[in-house]
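Look at the model below before reading on. The paragraphs start with the chain as a whole and then turn to single residues.

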Amino acid sequence: ISTYIKTRPKENDPISETYRWWVNEKNYIPLSNLEIKVWWKNYLSKSSDLLIDLYIHIPFCYKKCSYCFYYKEILDNLLLDKYLLYLEEYLLDFAPIFRGIKFKSLYIWWWTPTVLSEKQINKLLLVINKNFSFLEWAEKTFEWNPLSFSKNKIEIISKLWINRVSMWVQSLDEKVLKNSNREYQNTQMIKESINNMLLNNINDINVDLIVWLKDDDIDKFSFTLKEVIKMKPHTITIYWL
């Protein structure tokens, strides 16, 4: 379907890399698009009121954090362009299978969707909204990195019906983040992101934190948690490393 897949090194297969701990790579045989379509047709024919999600994968980041064991590509604009072309072709190829189906949610995650430019975000969301339908109450989530803050990006996702943002913060301690090979996002970046989301009617904002990163301690984590609470996101999700 795309030169992206044809030229991708086999050892970088995101499936075998991401799920190495439970997939026997020797037995892993990817399904063809045709096989996947047949499976979906059979599944969708069983009921007319299925509640299913639409998940969009963006496997690019600025860095690979030391605590992250999932597959990802360090941002490369040429590779990103090829991936987005592949993704658009893939979505258009599968869209007819889901005609008449209304998804209950949309997730645009993993790893940093905000590495996309304003133009790329706009195009991707237009392709999704033009070719797939959602329930009126559907939750549509866009993963957000404060380092990628842009008022224009927030305006774009809001206008194209994103109603929830989940923001990766993890810690507000510069040393803790540095030890995890993670760029430092300061408190002001996060505040600006949250305030602009609220101004653009995104009224479901989540902040992710991780406890016990390298050189973290109860005092550092308590400081992070208290500062984030002051920003008044709608939810805070705490992960135990």
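Accessible areas come from the Shrake-Rupley method with a 1.4 Å probe. For the protein chain in this predicted model, the accessible surface comes to about 13800 Å². Carbon and sulfur atoms hold 55% of that surface. The chain has 241 residues, and 44% of them are buried. Its secondary structure consists of nine helices and eight strands. Among contacts with a separation of 6 or more, 76% are between residues 24 or more positions apart.

In soluble globular proteins, nonpolar side chains tend to be buried together. The largest nonpolar core here has 52 residues. Which of its members touch the most other members? They are Ile56, Ile58, Phe98, Ile128 and Ile157. Helix 4, residues 77-94, supplies the largest share of this core, with seven residues.

The next residue, Asn200, sits in the loop between helix 8 (187-199) and strand 7 (205-211). Is Asn200 buried or exposed? Asn200 counts as buried because its relative accessibility is 17%, and the cut-off for buried is under 20%. Leaving out residues up to four places away in sequence, Asn200 touches Ile154, Glu155 and Ser158.

Ile236 belongs to strand 8, residues 235-240. With a relative accessibility of 31%, Ile236 counts as partly exposed, because this class lies between the limits of 20% and 50%. When residues up to four places away in sequence are not counted, Ile236 touches Asn206, Val207, Leu209, Leu225, Val228 and Ile229. Ile236 and Ile205 are 31 residues apart in sequence, and their C-alpha atoms are 8.6 Å apart in space.

Ile218 lies in helix 9, which covers residues 218-231. Ile218 counts as exposed because its relative accessibility is 52%, and exposed means over 50%.

Key
Residues numbered from 1 in each chain as written. Predicted model: local features only at pLDDT ≥ 70, side-chain atom pairs only at ≥ 80, totals over all residues. Heavy atoms only, no water. Core = buried A, V, L, I, M, F, W, Y, C linked by side-chain atoms within 4.5 Å. Buried < 20%, exposed > 50% of the residue type's maximum accessible area, 1.4 Å probe, protein only. Helix = DSSP H or I, 4+ residues; strand = E, 2+ residues; numbered from the N terminus. Contact = heavy atoms within 4.5 Å.
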